[in-house]
Amino acid sequence: MSPNRALIVLVAVSTLLLAGCAGRGEQNDEGPSTATGTGEFGDLGTVCGSGQHTKASAQGVTADIIQIGVFSDLGFTKNPEFIDAAKVFAGWCNDHGGIGGRTVELAIHDTNLTEVRQRMIEACRGDFALVGGGSGLDALGVKDRLSCLLPSFPAQVAQARSVGADLEISASPTALPHHDSYTGFRRWLVTEAYPDSLGKVGFISADSPVSKVLGEKGKESFRAQGATIVYDDLYPIAGVSNWAPFAQGIKEKGVRGLIFNGEPRQLSKLEEALTSIEYRLDWIDATNNNYSPAFLKEASNSIGFQNNVADLGGVVPFEKADSVPAMKQVESMFDKYAPGTEITFPQLRAISAWLLFAKSAASCGDDLTRRCVYDAASSEKAWTAGGLQAPVNLSNRDAPSGCFNIEQATADGWKPADFRPDTGLYRCDVAPYEYQGDYGAPMTLADVGKSMADLR
């Protein structure tokens with residue numbers, strides 16, 4: 001999970017378990033699609049469709065197929081969301097002719113949390129690009145990825161060496177190298193919606209290096225809004241069986257607004273402890289990690305008493321499917337290719353990444369190379385994924401959109417909060433805060449002795 005908060009579930013336990021999986025993992029064994037129709041998405045027009053090619057123009061590319069790698073910590077988290085999203089997009093795309101006639105073949109790389117480098121070395125041997133995935137310890141693979149000049153279109157990025165690294169294009173950025181993408185949300189919390197919380201903000205983070213950095217960034221950003229941090233604690237990375245002492249500490253400090261950097265299910269347990277002592281905060285930043293029906297169910301005893309809010313960072317909320325065609329289309333794709341699967345927020349980011357890659361690759365025609373697809377993607381200056389998100393300038397990896405939208409947990413589900421949108425579903429009037437602290441820098445091609453001139 002910006003800090004990449006949607007991946008905190010992975011990084012918060014990153015020191016608990018410090019080979020394993022098959023190299024190419026699972027692949028699509030289907031031959032080239034015989035579909036002749038076109039695959040249009042949202043307002044992008046045709047993204048996937050039939051075509052004729054003659055060249056094996058790059059590693060992982062023949063006249064008939066494109067081999068794409070998908071990273072996932074499935075072996076550790078048991079969460080297949082990135083793999084499911086990849087299968088949904090590949091199924092839809094291939095049924096409509098593939099990317100310009102080339103069938104999308106998936107190479108699943110299970111990083112199992114700590115095996116990122118091993119899987120990256122394998123991806124370097126056969127994949128054309130990485131699309132729509134993520135791993136909690138993603139920085140472990142960046143050096144090898146840049147050394148083999150492998151472009152990445154991730155659904156999420158987590159660590160400083162990965163966020164904004166070269167040859168990486170985040171279609172819906174969850175993190176930025178030098179700016180806080182949650183500035184608008186945080187300013188709204190302490191200066192507009194709940195001004196009494198300005199002097200009573202609290203932080204609790206998992207005791208892992210990555211989560212602690214997320215906490216430090218968050219504290220700097222809140223202080224820049226004039227907030228005072230009155231509570232700052234760590235909890236064991238494996239979780240705790242009794243959250244009562246933490247709840248009591250929060251109450252004793254008079255915390256009015258709370259930021260929780262940790263495994264999502266632990267938050268519902270903390271809230272239960274707070275509710276049991278009848279201590280209600282003005283707000284709790286549940287993070288978009290918890291933007292799901294599952295959180296509402298797990299925190300059911302506290303929903304309505306505690307006020308949970310989450311910033312979606314300029315992504316269309318699920319409940320807007322009836323009025324936003326692109327979201328409705330995503331639902332239809334999952335209904336057909338992953339029936340019974342509940343769509344998650346990270347999967348929306350994955351679909352945006354897949355759409356960006358497919359559109360860019362299709363534009364290259366017969367001469368599909370890594371350089372061509374990277375240049376095409378990085379030329380997008382107002383990428384909306386066909387209407388799934390607020391516009392993002394992909395020509396600058398540290399150029400935040402400045403747009404945000406806030407959801408609030410209610411007994412009737414997640415609903416838009418009263419955050420005064422000024423641009424459709426979003427509010428885009430706050431310039432993101434630039435960090436002053438040194439939290440690490442993204443890796444560059446120069447770090448591995450290469451340059452863009454080496455990308456072919």
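**View 1. The open seven-stranded sheet of the predicted model.** Seven strands make up an open sheet of mixed pairing, ordered β9-β8-β10-β11-β12-β13-β14; strands pair if DSSP finds at least two bridges between them. Because β9 (229-235) and β14 (413-416) each have a single partner strand, they stand at the edges, and one side of each is left without a neighbour in the sheet. On average, and with direction ignored, neighbouring strands of this sheet are turned by 25° against each other; axes are lines fitted to C-alpha atoms, for helices over the stretch in contact, and angles between N-to-C directions run from 0 to 180 degrees. Helices (H or I, at least four residues) and strands (E, at least two) are DSSP runs numbered from the N terminus. Residue numbers start from 1 along each chain as its sequence is written, and side-chain values use heavy atoms, with hydrogens and water left out. This is a predicted model, in which local features need pLDDT of at least 70 and side-chain atom pairs count only at pLDDT 80 or more, while totals for chains, interfaces and linings use all residues.

**View 2. Strand β8 and its two partners.** Six of the six residues of β8 (201-206) are buried, where buried means under 20% relative accessible area, exposed over 50% and partly exposed in between (1.4 Å probe, protein chains only). From this strand V201, F203 and S205 point one way, whereas G202, I204 and A206 point the other way. With β9 the pairing is parallel over six bridges, and V201 stands opposite I229; with β10 the pairing is also in the parallel sense, over five bridges, and F203 stands opposite I259. Together β8, α7 and β9 make a right-handed β-α-β unit, right-handed being the case in which, with the strands pointing away from the viewer, the path from the first strand over the helix to the second runs clockwise.

View 3. Helix α7 (residues 209-224) lies across β8, β9, β10 (257-261) and β11 (283-285), and runs at about 165° to β8. Helix α9 (residues 264-276) also packs on the sheet, where β8, β9, β10, β11 and β12 are touched by this helix, and its direction makes about 145° with that of β10; contact means heavy atoms within 4.5 Å.

View 4. The chain passes from β11 to β12 through helix α10 (residues 293-298), a β-α-β crossover that is right-handed. Towards β13 (residues 406-410), by contrast, β12 (residues 308-311) runs antiparallel and is joined by three bridges; here A310 stands opposite E407, and Q408 is the bridge partner of V309.

View 5. Of the 18 residues of α12, 16 are buried. The end C-alpha atoms of α12 are 26 Å apart, which agrees with the 26 Å that its 18 residues should span at 1.5 Å a residue, the expected span being 1.5 Å times one less than the number of residues. Leaving aside neighbours within four places in sequence, F357 is in contact with I66, I68, I99, F128, A129, V131, F153 and V373.

**View 6. Two loop residues with positive phi.** Most residues other than glycine have a negative phi. L167, in the loop between β6 (152-153) and β7 (179-180), has a positive phi near 60° and counts as buried at 0% relative accessibility. A385, in the loop between α13 (370-378) and β13, has a positive phi of about 55° although it is not a glycine, and is likewise buried, with a relative accessible area of 0%.
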